[in-house]
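Come along as I go through them one at a time.

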Amino acid sequence: MENNYEQFKKDVLQLTKIDLNAYKERQMKRRIDALISKHQVSTYKEYVQLLRDNTERFDEFVNYLTINVSEFYRNPELWNVLDKEILPVILKNKKSPKIWSAACSTGDEPYSLVMALNQFLPFSQIHIIATDIDKQVLDKARMGLYNDKSLKGLPGGFLDKYFTKVNEHNYQINQEVKNCVEFKEHNLLKDPYPSACDMIVCRNVMIYFTEEAKEEIYKKFNAALVPEGFLFVGSTEQIIQPGDMGYKSFRSFFYRKE
């Protein structure tokens, strides 16, 4: 592969609005080089031209670039904290809270939030904003079709209550759950953030960003929260010195705006 990755990053930014400078370079470059080699392209310049000329290859690239590993109720012990300690605090003052699932991938997380909230509220009072940079995963999320592997963390009874079995290994999420989620395309590094959120959930995404990009995003999340609003992060994404960014630690992986 030719050694002109810097120009490639500029071309990708122009084409996709994804800034590769914000990602850990060695890890991301390795992923991209593997994809380029798959198509027997020998230079970054040729690959950029392929992306411009071929819509299917362009969509494949964006989908490959955005790491999508998701499952319902991922890290169940943290969702237990959400159910027992976080949501009751939020719902004490707000009967229809504004919750944003950022970098929502294939929808497992925002749909999990709907099911968690439905233990306290009717569907009519639940509205989740769910965003991701990847159009393909948003289309999958809207479809709401999942295999049994991604559903293994669901609490008892939730599979029968909220899903319809399609075949031996696949389930369709019920329409009443889907109706509670508004999916939108959104770039965490570039686009305006929602405002006055009671809680923001962004999990298992920040590990792919540089420290500078992380700090910028955490500060923007803080500005997007109401006073005393919550940020719920991934199980490997503890914020070091949260006070520097306007948070106080509430529980492990849950932060509250100061």
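This is a predicted model: local features need pLDDT of at least 70, side-chain atom pairs count only at pLDDT 80 or more; totals for chains, interfaces and linings use all residues.

**Lys190 and its partner**

At 47% relative accessibility, K190 counts as partly exposed. Next I asked which residue K190 meets in a salt bridge. The partner is D191, and the N to O distance is 3.3 Å.

**How many salt bridges?**

I then searched the whole structure, and the search returned 17 salt bridges. A reminder to myself: side chains of opposite charge can pair when their charged atoms come close. I picked further pairs from the search to look at in detail.

**K38 and E60**

The side chains of K38 and E60 form a salt bridge, with 2.9 Å from N to O. I looked up where each one sits: K38 belongs to helix α2 (residues 25–38), while E60 belongs to helix α4 (residues 55–65). They are 22 residues apart, so I noted this pair as a link between distant parts of the chain.

**E216 and K220**

Here the closest N and O atoms are 3.1 Å apart, and E216 and K220 form a salt bridge. Both residues lie in helix α10 (residues 211–224). Because they are four residues apart in that helix, about one helical turn separates them. I checked accessibility again: E216 is partly exposed at 37%, and K220 is partly exposed at 28%.

Now for the strands. What is the strand order in the three-stranded sheet? I wrote down β3-β5-β4, in an open sheet with antiparallel pairing. The edge strands are β3 (145–147) and β4 (163–165), each of which pairs on one side only. On average, neighbouring strands of this sheet are turned by 35 degrees against each other, direction ignored.

I took a closer look at one pairing. β4 and strand β5 (residues 170–173) run in the antiparallel sense and pair over three bridges. Which residue stands opposite K165? I found Y171, in β5.

Key:
Residues are numbered from 1 along each chain as its sequence is written. Side-chain values use heavy atoms; hydrogens and water are left out. A salt bridge is a side-chain nitrogen of Lys or Arg within 4 Å of a carboxyl oxygen of Asp or Glu. Helices (H or I, at least four residues) and strands (E, at least two) are DSSP runs, numbered from the N terminus. Buried means under 20% relative accessible area, exposed over 50%, partly exposed in between (1.4 Å probe, protein chains only). Two strands pair if DSSP finds at least two bridges between them. Axes are lines fitted to C-alpha atoms, for helices over the stretch in contact, and angles run from 0 to 180 degrees between N-to-C directions.
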